[in-house]
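Let us learn to read a fold from its atoms. Each turn below takes up one feature, with the general idea and then the case at hand.

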Amino acid sequence: WQMSEAAVSEMAELAVEGEKKLSKKELNKLAKAQKKNEAKAAAQAQKGEEAGDNAGGQDDGEDVSTGMYGSYGLIQSSDVKDIQFTDLSAINGSLDGQEIWVRGRIHATRSKGKTAFIVLRQRVHTAQLMLFVGEKLSKQMLKFVAGISKESIVDVQGLVKKVEGDGIASCTQKDAELHAIQVFVVSAAEPRLPISIEDASRGEHDASGLAGVNLDTRLDNRVLDLRTPTTQAIFRIQAGVCHFFRQSLSARGFTEIHTPKIISAASEGGANVFQVTYFKGSAYLAQSPQLYKQMAIAGDFDKVYTIGSVFRAEDSNTHRHMTEFMGLDLEMAFKFHYHEVMKTIGEVLIVIFKGLQAEYAHEIAAVGSQYPAEPFKFAEPALILKYSEAIDLLRKDGVEIGDEEDLSTPVEKQLGRLVKAKYDTDFYILDKFPLAVRPFYTMPDPHDNRYSNSYDMFMRGEEILSGAQRIHDPVFLTERAKLHGIDLQQIQSYIDSFKYGCPPHAGGGIGLERVTMLFLGLHNIRLASLFPRDPKRITP
């Protein structure tokens, strides 16, 4: 039982005034209660003094930073704030003394006493934010900012201060930091993250001995994984591949086209096709834009290219196969020989490689720091080997393989090592494939009908492009389709498109993710796909 302070006071007054005669037992109880309350008051006073000391002499009830920190709440476009933002990448010593606004994520926080160090991140760039308790920044504000969860998005007004000496080792912006004036939460992250950005920024077998994040966990939490500097760099490089592809082909007079992805017949033949319900019948997802590129050539487009999704119903759970990927496809009419096209494609790929090395050196280095690989090497002009020459190289290295046998994945890699050792290039073209291993629309070799006017292109011993001269004669095309067991009714419109005169033409299809993976030397194509699809994964 404990008497309240009011009760103790009232009983004391009664005792003094003599309005009530207290027993000895009640007087002892009164004395004990008074002593206890005095001790409590002394403890509270001491605690208040310590809190005042820690807050720079302020009273706990006073907050000099009121209105300078907090949360915007849910932004629903109800008003417009007149704020000019500066990119984190632009923060440097030349802005010393300027007040700026930035928007970024809370990457890391370290708080002790009257000081807090925050690392802000905006895509691949990071900068240090400092908070000091003082006349213009309260203890309450420091506590609030230090308590914001990692990966939350914040708006910060800060004073840029130049950093002398070696700079800030832990940030990309090394010669300047921000001193906080205002901090507001734009979007708060949950306090507990399924993976940390620091862990995801390490390889699975990091030299530091610290645990990284395995591939499945990365892909299950892809939104967080996409925020790492390495993943950001991978997809900037991939965007560069598309940019140089478009730029190079446009400069050569190509027209970009867009082709159907829902088709009436398997475009490559065979069973590796996704069948879908199409109203009262069935349709297929396109394995290639091949037929429509050719029809565009027959329609006098002369040179065309397209970038779009390609679907392959192959139950292949390997490091380089996906059921949906982005195809960079092109088709081109030629005058007399398909090598006009084959060499053009080789030149376009070399433009891509040179462009990436010249304009994306920073991103290539960022990826290499997490996934080390030998720099990609290529010859100019591209090395061209005949299929028969490749077979000879393999046989000399102990491989038992027939003249018309297709190359398996291990044999492709072995050939890549042999070519690299002999010619010092990671990129080469293999010409004159056996006809038996190519699609029905491939033109046979006029001098040896065992072979065809077809070619593949390789990076680091793995195929990135398959192409050929196409059959542009409707009678011959019909014969080849029958040999492949294709229902002529389903491709009749395709065959008919060549009945009215069509120039000789050739082309090829490039896998965007494979080019990205192999240029960077990544160990798995899924790292080069934003949201990969394979036989076991259709989410997220």
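Q: What do buried and exposed mean here?
A: Buried means under 20% relative accessible area, exposed means over 50%, and partly exposed lies in between (1.4 Å probe, protein chains only). The model is predicted: local features need pLDDT of at least 70, side-chain atom pairs count only at pLDDT 80 or more, and totals for chains, interfaces and linings use all residues. Residues are numbered from 1 along each chain as its sequence is written, and side-chain values use heavy atoms, with hydrogens and water left out.

Q: How are helices and strands assigned, and how many are in the chain?
A: They are DSSP runs, numbered from the N terminus: helices are H or I with at least four residues, strands are E with at least two. The chain has 15 helices and 17 strands.

Q: Why is S15 described as largely enclosed?
A: Six of the six residues of S15 are buried, so the rest of the structure largely encloses this strand. Ser 454, Asp 456 and Phe 458 point one way. Tyr 455, Met 457 and Met 459 point the other way.

Q: Which sheet holds S15, and in what strand order?
A: First, the rule: two strands pair if DSSP finds at least two bridges between them. S15 belongs to an open sheet of eight strands, ordered S7-S11-S12-S17-S16-S15-S14-S13. The pairing is mixed. Strand S7 (255-256) and strand S13 (383-386) stand at the edges; each has a single partner strand, so one side of each has no neighbour in the sheet.

Q: How many bridges join S15 to S14, and how many to S16?
A: S14 and S15 run antiparallel and share five bridges. Tyr 428 stands opposite Phe 458 there. S15 and strand S16 (residues 462-469) are antiparallel too, with six bridges. Met 457 has Leu 465 as its bridge partner in S16. S15 and S16 form a hairpin with two residues between them. Arg 460, in the turn, has a positive phi of about 50°.

Q: Where is Val 310, and what does it touch?
A: Contact means heavy atoms within 4.5 Å. Val 310 is in strand S11 (residues 303-311). Its relative accessible area is 4%, so it is buried. Beyond its neighbours within four places in sequence, Val 310 contacts Ala 286, Gln 287, Ser 288, Thr 323, Glu 324, Phe 325 and Gly 327.

Q: Where does Asn 453 sit, and which side chain does it meet in a polar contact?
A: A polar contact is a pair of N or O atoms within 3.5 Å; within protein, one must be able to donate a hydrogen and the other to accept it, and residues adjacent in sequence count only if both atoms are side-chain atoms. Asn 453 lies in the loop between strand S14 (427-431) and strand S15 (454-459). Its side chain makes a polar contact with the side chain of Lys 432, at 2.8 Å. At 5% relative accessibility, Asn 453 counts as buried. Residues it touches include Tyr 338, Met 443, Asp 445 and Gln 469.

Q: What is the strand order in the three-strand sheet?
A: The order is S8-S10-S9, open and antiparallel. The edge strands are S8 (262-263) and S9 (275-278), each pairing on one side only. Four bridges join S9 to strand S10 (residues 281-285). One partner pair is Gln 275 with Tyr 284 in S10.

Q: Is H15 mostly covered or mostly exposed?
A: H15 is mostly covered, with nine of its nine residues buried. Among them are Leu 512, Arg 514 and Phe 519. Gly 521 follows H15 with a positive phi, near 75°.

Q: Where is Leu 530, and is it buried or partly exposed?
A: Leu 530 is in the segment after helix H15 (512-520). It is partly exposed, at 41% relative accessible area.

Q: What fraction of the whole chain is buried?
A: Of its 540 residues, 47% count as buried.
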